[in-house]
Protein chains: 4
Amino acid sequence: MSSGSKADALMTVSVEGLSPRAKEIHSKVVAFIRQHIQPLEDDILRKKSDSKYISAKIKDLQSKARQQGLWNLFLPLESDPGMKFGAGLSNVEYALICEEMGKCPISPAAFNCNAPDTGNMEVLVRYGTEEQKRTWLMPLLDAKIGSCFGMTEPAVASSDATNIQASIRREGNEYIVNGHKWWTSGAMDPDCKLCVFMGKTDSSAPRHKQQTMILVPMDAPGVKVVRPLSVFGFLDEPGGHAEVTFTNVRVPVTNVLLGEGRGFEIAQGRLGPGRIHHCMRLIGNAERALELMLQRTMDRVAFGKPLAALGTIQANVAQSRLEIEQARLLVLKAAHKMDHYGNRVAAPEIAMIKVVTPNMALNVIDRAIQAFGGAGVSNDFPLAAMFAGARTLRLADGPDEVHLRTVARIEYGRHHRRQQAKL
Amino acid sequence: MSSGSKADALMTVSVEGLSPRAKEIHSKVVAFIRQHIQPLEDDILRKKSDSKYISAKIKDLQSKARQQGLWNLFLPLESDPGMKFGAGLSNVEYALICEEMGKCPISPAAFNCNAPDTGNMEVLVRYGTEEQKRTWLMPLLDAKIGSCFGMTEPAVASSDATNIQASIRREGNEYIVNGHKWWTSGAMDPDCKLCVFMGKTDSSAPRHKQQTMILVPMDAPGVKVVRPLSVFGFLDEPGGHAEVTFTNVRVPVTNVLLGEGRGFEIAQGRLGPGRIHHCMRLIGNAERALELMLQRTMDRVAFGKPLAALGTIQANVAQSRLEIEQARLLVLKAAHKMDHYGNRVAAPEIAMIKVVTPNMALNVIDRAIQAFGGAGVSNDFPLAAMFAGARTLRLADGPDEVHLRTVARIEYGRHHRRQQAKL
Amino acid sequence: MSSGSKADALMTVSVEGLSPRAKEIHSKVVAFIRQHIQPLEDDILRKKSDSKYISAKIKDLQSKARQQGLWNLFLPLESDPGMKFGAGLSNVEYALICEEMGKCPISPAAFNCNAPDTGNMEVLVRYGTEEQKRTWLMPLLDAKIGSCFGMTEPAVASSDATNIQASIRREGNEYIVNGHKWWTSGAMDPDCKLCVFMGKTDSSAPRHKQQTMILVPMDAPGVKVVRPLSVFGFLDEPGGHAEVTFTNVRVPVTNVLLGEGRGFEIAQGRLGPGRIHHCMRLIGNAERALELMLQRTMDRVAFGKPLAALGTIQANVAQSRLEIEQARLLVLKAAHKMDHYGNRVAAPEIAMIKVVTPNMALNVIDRAIQAFGGAGVSNDFPLAAMFAGARTLRLADGPDEVHLRTVARIEYGRHHRRQQAKL
Amino acid sequence: MSSGSKADALMTVSVEGLSPRAKEIHSKVVAFIRQHIQPLEDDILRKKSDSKYISAKIKDLQSKARQQGLWNLFLPLESDPGMKFGAGLSNVEYALICEEMGKCPISPAAFNCNAPDTGNMEVLVRYGTEEQKRTWLMPLLDAKIGSCFGMTEPAVASSDATNIQASIRREGNEYIVNGHKWWTSGAMDPDCKLCVFMGKTDSSAPRHKQQTMILVPMDAPGVKVVRPLSVFGFLDEPGGHAEVTFTNVRVPVTNVLLGEGRGFEIAQGRLGPGRIHHCMRLIGNAERALELMLQRTMDRVAFGKPLAALGTIQANVAQSRLEIEQARLLVLKAAHKMDHYGNRVAAPEIAMIKVVTPNMALNVIDRAIQAFGGAGVSNDFPLAAMFAGARTLRLADGPDEVHLRTVARIEYGRHHRRQQAKL
């Protein structure tokens, strides 16, 4: 290959291809997980329903991680150019770290890199006023409080974001917030103090100018955490997923984010990085599931030989590897495009990975479960919980079908333009 | 078609094709479920972890069902020719009733038709001594006690039944039972009083003569219910699935079933009907999931029209119908062969349905979950729990792979014989 | 099972379950194929493009088959109650014979049971005038001539039958026929003398009353066989699939079938039995492919053991058996419903099998091809040709998508009615 | 992203990321195909069986392409560092050009870049003596002659390369070559003058030292082209795929390549680049199929709207895009690793793409066929031929199963080493 070619460095994405600084952070994260988090895994899995116990373990890990400077790694240089708040990694660089976190539950929380706090912090960094930053961003960056995101509603199909029924109505110097939300992740945690709430300020505005985002303190009168929702049988404590009602909740007008009618715009901007994070954690889930499967099938004997010697097991291992490799490359391509050309240019890839990675992870995890037998569906291994989590990601932020439609429309649009260009 | 032909009645299997008596029982079961069980569904789903509450509801339903004679319907005429203990239905007749029970959780328990009690009762009817019947069968038939089946072990691949490590050693008039079991369904219920335990009496005997089944009282010294196992986070209370250890448990020699070395034989006989029941309940699961999907997609609107108007939803509905119809016919064929030619002749079909129906049910339920969005993975609908249950049935009684291997060997054997016959 | 129950004979469909007469015909067909057709297979496959050679072989087989009374077996008792023209078999009975024919190419032609002649003959039996029968039906029943069916058009999506653009315009005692048809199977054979032609007589009539069927002699001025179409690379000689243009073709008014505006009605009636035939031949295709796969994998050695010993091969064999069994039961159920309740009642099942069986056959044949290596895609075995044929059946008579939509609509309709009934 | 990072150029692989020289060649190839080859497509497809006609068209295109310097583009810089014979492109650079060629049949031949000549030429460049180069390489580079590769044998499973039965026995200054080969692509062309023949010189040597490659002139006495083999009915003229027998063929000892016992080594080296080429052409096939599908579904109307408006069509389009993107990235990663670390390091990826791309292409093409209806399986569009070609690539050079096994073994090996490293 002719030297100097840009393509020269193609596909070198891997720890080796990273900048020295990113490489160092990456290896510190890997070491931290191995040394401090992995050993807790069995314990955490078996005490999944003991919310307090898990919270305490997380706090302990957080203080260790922070000491090592492994903190708020998620904030991209683009949102935080002065590296005032975070580590200033690129999307590609952080993506590779997300993969590592995905291999072990509670890792993201240990580094203060867990959803939905990450998305909320990024929104505050980009759009928050000085006061909003002081009040909400700083304690979030310090993991002193938690937050949730009030978007999905039980009454309408969340596949269509313009369906939202929650209302935000101005009255003097206040907004009156009303709405019925659910799948509000994080809200079950007693430390959750802030809800980034999406509602409509003006139903007569153009479709994507009706929505507004506003900061609602969780202890404001009228906010009621109704109940936790389970994912299959998991409650995902301590944060959980809550049904929350907002009844005539009054917040000062200064709590609005960016301005009335700009909620959809903020939501769109928030999606890109969040999807990269989710998708790379799913890659990590899948790598972990495959690793567990490899170990188990080497250890277990049936009909006189290790399961690893069976052709069907080998085919499943190989198929999993094929799917993981392909999905990872696509996620990294999306991250790379975001880094270099922005979220809008990366939109097709972001839609694609939203479908590709959860389905891939479900396939890989399911094969591992099958190889484990009964142990696979139990809490003795993280497989069942990872499966449940991956399954929700085929629904959260719009179901597969919506993203496939988006991809198809992009294809038709491109084809149409190509045909025009030929004429 | 020429009248009088046996094929004349082919495929008329449906409520219409049943004998008047079976038809009557069937419609009473349907009515009972609609009137008494269905209305409790939401309540039960939301209180899934309140074991006592559910137990009380079940006891109440049981007394109503028994009053209507809807009781112990599972005992086949073949095992109980005098209809001394049960309803004397054929496998086909009961299969169609199982489908109905599969549509609604806790239905099987309401009619005292829930696993593993059904399998244990059938074993006692067929092989129990008078004393064993008096002591264990009668209270089980009366639902005064519950029972469990101690088969699967954490240390060995359950895909190979000859792997069993539990031991049953004779010492005078007693057997000393030692073993480590798990996935012992039913054992978490405080009413569970009996374990039908499988272990080896003679490791030097031929491969399928080493195992023995013995009746172990759950309150015998040395029996320890270690912990409940979860299935994708579900504990399936009140019976649950337990890890149980048996340490030098002493039981009188009269507790042995059928005789030393006959455990494998009993297990094989037990499998056929149990699989029909499981598979038809899975058909019921799938029908229910499809019904929920139809209703939901008619109710929900996205992008200006009901989800039911979307081509992808329609394709999913249709694909589900295709898969359900085919699977049901195969299960009914297996049941029919069992009724007319016995379990041995039906063995190929029994192996086939063990693979076909859980996979079919998982597909159908998963499509329904997808159409429901977040609600689908929660406990607001029975979909997530049905999915978890169906998933375990790809593992219980041997994973798919073992049954596919059985089917393949039968094919090769048949082909070989056909080729021989041509020579 | 209680004796006397209708369900008693459930699923006994098999040669054993047939009436003595049907059983006799079935075994004669099996013997004839084994003795006379099977030995020609290799020869025919290698001379696939020598149309004359194949025609001669078919004629020879036809005279032998007719001598044995194995002739025009397809005509159902229902269409031909006096058994004036055919064998008077039920749909179920003939279906099982179709399966046998599907195992070996050119079998259907040998028994004068090949499409599209069968459909055309049945239409003439049911709706033909005495003159039409004398002129066209009798020579078709004698295999003295062949026929084709002019339905599909290159310019419009055949998934929507009302799209048809061909016109049939009355002028005095004649109709002027114009149209551009393709996939007109059979038309390449020089013996093809008749086209059953579908066109519109009245574009202003209600949607399903616009179409008319008319008998067009292939030697009428204005009929032009433009070219053969290939299926993958196969020309399916001698009959082939032709592109045919009809330019101002004049036929006497007496050539109309049943009456103006009744074309759609005839087409619908024609579909049911034809689909059973196609589907059961596909079952036969699949059984044959599986048989070939079993033999090949027992014979071939790789890495020191026969392919049959590999787990992936065994899994493929088993999966194929699972799919074949289920599909066959569904086709037989459809046939049974047609026999007992008519085509209209059987419509859901007829739509289902149209999707299920070609896809099943493609899966099974593809696995066999894979096990054969290069030989599998060549003409040394019938696999490649069977694959190509099965692939077209996902398109002919409407693509999968149309039938899935039909099935979905039936589901929604049923659900709606059930919900109404509950109120 | 920190500037200067190697990962900076990550994933920029695309025409834009190429070196100016590669970019120029790429765009000239694209223009040439559009201007000179695309317009011939319909003609070529319809005259698929007219071998002479197609040969003439190719010769004509070749002379035009050569004038533009678009010639022998395949020879990698690595094999031909002085760019004496070829264009000196890297694997990544040529891969992107292969994709373009894959969009249109006969493109590879037009640029003298068609298999198996490319592989044979590369072998001669790397291992040929001066005399061998003069005699065979130069006319091949000039497209004055064609060549074939004698590897696969009808009698043994080609999945196991050590199975080869052909023999090469030395007798004085000659080797006596005997063997029965098939799927010898290119051998049907009267211009085919050379067979690169693989056989065993020493069956007692270690498993991978038994094989030798030797140059056999096709006009040597004892070489017999027995017959063409078809691929789903296609003969792939003019080169075709032949069954060829070699009976006591005598060639001078100087015709041996590299030396006795080095055949396996040469074959391995030959595989890497060839697979990249095949896989990228499959990507091109898939892109073309998708483009055809987009156009067709925009043009065709059913049930009152264009097919493109149907949800199922959109889902199929999107799914195809997802699969293509992922597969392409994996192939490019393999090419990149070959460029930078050599074939051995890239071996895992080379095994992966051998499974991934043909299956992906088959999925994509099959969806396009389905959208086209009958036209899709005919020769009016290149879909059916592309499907047939892609299907053989799941078998050629070892079936999927063999490569999946390789991938699984690599996984187990890596896992084992990782576990060791942790101890």
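**Exercise 1. Work out how H10(C) passes H13(C): is the crossing left-handed or right-handed?**

Step 1. H10(C) crosses H13(C) in a left-handed way. The word applies if the near helix is turned anticlockwise from the far one by less than a right angle; clockwise would be right-handed.

Step 2. Now place the two elements. H10 covers residues 347-372 of chain C and H13 covers residues 400-422 of chain C. Helices (H or I, at least four residues) and strands (E, at least two) are DSSP runs, numbered from the N terminus.

Step 3. The packing angle is about 145°, and the axes are 9 Å apart. Axes are lines fitted to C-alpha atoms, for helices over the stretch in contact, and angles run from 0 to 180 degrees between N-to-C directions.

Step 4. Look at who touches whom. H10(C) brings Pro348(C), Ala351(C), Met352(C), Lys354(C) and Val355(C), while the residues from H13(C) include Asp400(C), His403(C) and Leu404(C). Being in contact takes C-beta atoms, placed from the backbone, that lie within 7 Å.

Step 5. Sorted by class, this contact holds seven nonpolar, two polar and two charged residues. Ala, Val, Leu, Ile, Met, Phe, Trp, Tyr, Cys and Pro count as nonpolar, Asp, Glu, Lys and Arg as charged, and the others, Gly among them, as polar.

A quick word on the model: it's predicted, so local features need pLDDT of at least 70 and side-chain atom pairs count only at pLDDT 80 or more, whereas totals for chains, interfaces and linings use all residues. Residues are numbered from 1 along each chain as its sequence is written, and chains are lettered from A and ligands numbered from 1 in the order in which they are written.

**Exercise 2. Find Lys181(C) and decide: buried or exposed?**

Step 1. Go to strand E3 of chain C, residues 174-185; Lys181(C) is in there.

Step 2. Count around Lys181(C): 25 other C-beta atoms lie within 10 Å, so Lys181(C) is buried. The cut-off for buried is 20 or more other C-beta atoms within 10 Å of the residue's own, with 12 or fewer for exposed and partly exposed in between; C-beta atoms are placed from the backbone.

Step 3. Skip the neighbours within four places in sequence, and the contacts of Lys181(C) include Gly150(C), Thr152(C), Glu153(C) and Val244(C).

Step 4. Met198(C) is 17 residues from Lys181(C) in sequence, and the pair is 9.6 Å apart in space, C-alpha to C-alpha.

**Exercise 3. Which loops of chain C hold Asn72(C) and Ala143(C)?**

Step 1. Asn72(C) lies in the loop between helix H3 (51-67) and helix H4 (91-102). Its phi is positive, about 50°, although Asn72(C) is not a glycine.

Step 2. Ala143(C) is in the loop between helix H7 (130-141) and strand E1 (146-150). Here phi is about 60°, again positive in a residue that is not a glycine.

Step 3. Asn72(C) is buried, with 22 other C-beta atoms within 10 Å. Ala143(C) is buried too, with 22 other C-beta atoms within 10 Å.

Conventions. Two residues are in contact if their C-beta atoms, placed from the backbone, lie within 7 Å.
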